[in-house]
Amino acid sequence: MLRLRTVSASAGFTFVELLIVVSLIALMSLIAVPWFVKIAQRNQLKSAGREIQTTLLAARMRAVRQNVNTSVLVTTAAPTGDRHVLDTIVADPPAPTPTPVPISKFDIPNKNVAFVALPAGQKITFAGDGRMVTPGGSATSITFRGVSGATALNQITITTHANGRVEVITPVAWQ
């Protein structure tokens with residue numbers, strides 16, 4: 001009762017099978033890479049929105065805590081520049097310093113964000129009671145979009161209301 005072991009002639013994969021598997025992997029990566037790039041761009045845009053909102057809320061808290069007018073000044077990058085700048089300044093500094101002094105500074109890379117609309121004077125000012133100081137007492141907005149291939153549907157708007165509330169409005173459907 002001897003059993004003979006037979007050795008299979010197919011001990012591995014053929015070249016054609018390997019070629020098919022590699023081509024399927026390449027096809028899936030061609031589909032997945034643009035999707036991941038879009039996700040990364042959306043996340044950069046959302047992150048910039050959260051940072052701008054945080055800067056505005058911090059300026060409002062500083063205005064209330066110190067009972068002085070505090071502003072956030074948005075300086076957009078020059079065409080050849082690489083950063084947009086958000087400066088938080090005390091709008092009405094105490095007597096020893098007659099000119100506004102920057103308190104904090106936040107940079108946003110020019111390659112991530114392009115501003116579409118800014119408030120008058122590119123500045124939002126909060127009073128010591130936390131309300132926004134604005135002519136006419138209405139809300140003001142900062143609108144921006146992504147730079148590379150972004151459409152109007154991919155815009156984020158940060159609205160500051162007269163009562164000091166800061167609201168971020170993101171797109172419902174991203175493209």
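Is asparagine 67 buried or exposed? Asparagine 67 counts as exposed because its relative accessibility is 58% (buried means under 20% relative accessible area, exposed over 50%, partly exposed in between, with a 1.4 Å probe and protein chains only).

## About the model

This is a predicted model, in which local features need pLDDT of at least 70 and side-chain atom pairs count only at pLDDT 80 or more, while totals for chains, interfaces and linings use all residues. Residues are numbered from 1 along each chain as its sequence is written, and side-chain values use heavy atoms, with hydrogens and water left out.

## Asparagine 67 and its loop

Asparagine 67 sits in the loop that runs between helix 1 and strand 1 (70–75); helices (H or I, at least four residues) and strands (E, at least two) are DSSP runs, numbered from the N terminus. From asparagine 67 to phenylalanine 126 the C-alpha distance is 9.8 Å, although 59 residues separate them in sequence.

## A nonpolar patch

Phe15, Val16, Leu19, Ile20, Leu24, Leu27 and Ile31 make up a nonpolar surface patch, and together they have about 750 Å² of accessible area. Such patches are made of residues with over 30% relative accessible area and no salt bridge, where like charges are joined within 9 Å and nonpolar side chains (Val, Leu, Ile, Met, Phe, Trp, Tyr) within 5 Å. A salt bridge is a side-chain nitrogen of Lys or Arg within 4 Å of a carboxyl oxygen of Asp or Glu, and accessible areas come from the Shrake-Rupley method with a 1.4 Å probe, for residues counting only the protein chains shown as cover.

Valine 16 belongs to helix 1 (residues 15–66) and counts as exposed, because its relative accessibility is 53%.

An open, antiparallel sheet is built from 4 strands in the order 4-7-8-9 (two strands pair if DSSP finds at least two bridges between them). Strand 4 (113–117) and strand 9 (166–169) are the edges; each has a single partner strand, so one side of each has no neighbour in the sheet.

Strand 4 and strand 7 (residues 140–146) run antiparallel and are joined by 4 bridges.
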